[in-house]
Amino acid sequence: MTAPLVETRNLKKYFKTSRGLLHAVEDVNLQILPGKTLGVVGESGCGKSTLGRTILRLQEATDGEILYNGENIRKYRGKDMRKIHLNMQMVFQDPYSSLDPRMSVHDLIAEPVAVCGLMRNKVEIKEHVHEIMEMCGLPANHSNLYPHELDGGLRQRVGLARAMAVSPKFIVCDEPVSALDVSIQAQILNLLMDLQEQRGLCYMFITHDLCVVKHISNEIMVMYMGQTIEYAPTAELFAHPAHPYTKALLAAVPTIDLSKRNQEHFTLKGEVTSPINPAPGCRFAPRCPYACDKCKEPCQLHEIAPGHLVSCKLFEK
């Protein structure tokens with residue numbers, strides 16, 4: 001059995017506020033195999049981006065383990081962590097704000113190579129930058145342009161090229177196509193999949209778009225208020241969604257398939273509970289049509305089919 005490249009065990013990330021601890025990520029366990037993509041979905045504020053940043057240690061975890069190639073990288077410091085960051089990169093949601101407006105495309109891609117000391121010779125760096133630009137679909141004559149001279153799709157290609165410049169094995173894609181037109185989204189998604197096939201890359205793809213995540217992911221993790229509520233292979237999740245929240249998300253996806261017009265639809269009602277010092281039990285219960293007294297008790301993930309896990313009292317034996 002192939003060992004996971006990236007794994008988390010009971011990962012937690014809390015933020016201190018004037019009213020108490022905000023539980024942004026709560027006991028998240030995930031595994032991503034080499035060359036595979038884990039899609040992470042959920043509504044805004046559910047902790048998706050915080051999870052990605054915490055795994056890369058752009059934010060320090062409150063508790064739990066982050067494993068890369070079987071090693072807990074939470075204990076790494078200094079040079080050891082810098083070596084890990086060569087293998088773990090991130091593509092941010094907004095390609096404009098994540099790029100220095102005072103640097104040209106060439107300098108933006110060359111910067112991580114120089115900072116990490118991978119190359120010293122300017123000629124080698126220039127050749128490497130041109131190779132990465134070609135790989136990411138950036139015209140060679142764009143190397144002297146600045147971010148404000150590029151459209152959104154090209155800026156996102158520059159962001160991806162920066163990540164690819166140090167030859168990583170794992171990339172967190174934090175909603176990389178949400179700010180782009182649909183036609184440009186398809187180009188970026190196809191580019192990501194081509195790079196994955198060529199380089200054997202491992203992705204965590206964070207998004208709120210279920211159509212996008214279905215296209216690119218091997219497995220999907222559904223998050224709600226910092227917790228994993230469902231985890232399954234992509235085909236299994238779309239064919240047999242189990243958690244009421246997952247069903248509500250899928251019901252919200254527009255479709256022209258008339259055969260689905262008589263299917264059960266979920267309309268979420270009620271208020272979202274506060275993530276600050278949350279009470280034990282299901283955090284989705286105030287909005288769930290099936291909520292009962294048992295939902296006030298802590299709930300764990302249960303396997304209801306091979307590889308299909310769900311956290312809901314409806315599935316507890």
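Both E26 and R283 are buried in this predicted model. Their side chains meet in a salt bridge, with an N to O distance of 2.6 Å. The pair links distant parts of the chain, as E26 belongs to strand 2 and R283 to the loop between helix 9 (244-251) and strand 11 (302-305), 257 residues apart. Side chains of opposite charge can pair when their charged atoms come close. The structure holds nine salt bridges, and the contact between E26 and R283 is one of the pairs described here.

Another salt bridge joins the side chains of D27 and K12, again with an N to O distance of 2.6 Å. D27 lies in strand 2 (residues 20-32) and K12 in strand 1 (residues 6-17), so this pair ties together parts that are 15 residues apart in sequence. D27 has a relative accessibility of 36% and therefore counts as partly exposed. K12 has a relative accessibility of 16%, under the 20% limit, and so counts as buried.

The side chains of E7 and R9 also meet in a salt bridge, with 3.3 Å from N to O. E7 is buried, with a relative accessible area of 13%. R9 has a relative accessible area of 37% and is partly exposed.

The nonpolar residues were examined next. In soluble globular proteins, nonpolar side chains tend to be buried together. The largest nonpolar core of the model contains 37 residues, of which I109, L160, M164, I171, L192, L195 and F205 touch the most other members. At least two residues of this core are supplied by each of helix 3 (105-115), helix 4 (122-135), helix 5 (152-164), strand 7 (170-174), helix 6 (182-199), strand 8 (202-206) and helix 7 (210-216). Helix 5 provides the largest share, six residues.

When residues up to four places away in sequence are not counted, L192 touches L160, C173, P176, Y203, F205 and I216.

Methods: Residues are numbered from 1 along each chain as its sequence is written. This is a predicted model: local features need pLDDT of at least 70, side-chain atom pairs count only at pLDDT 80 or more; totals for chains, interfaces and linings use all residues. Side-chain values use heavy atoms; hydrogens and water are left out. A salt bridge is a side-chain nitrogen of Lys or Arg within 4 Å of a carboxyl oxygen of Asp or Glu. Buried means under 20% relative accessible area, exposed over 50%, partly exposed in between (1.4 Å probe, protein chains only). Helices (H or I, at least four residues) and strands (E, at least two) are DSSP runs, numbered from the N terminus. A nonpolar core is a set of buried Ala, Val, Leu, Ile, Met, Phe, Trp, Tyr and Cys residues joined through side-chain atoms within 4.5 Å. Contact means heavy atoms within 4.5 Å.
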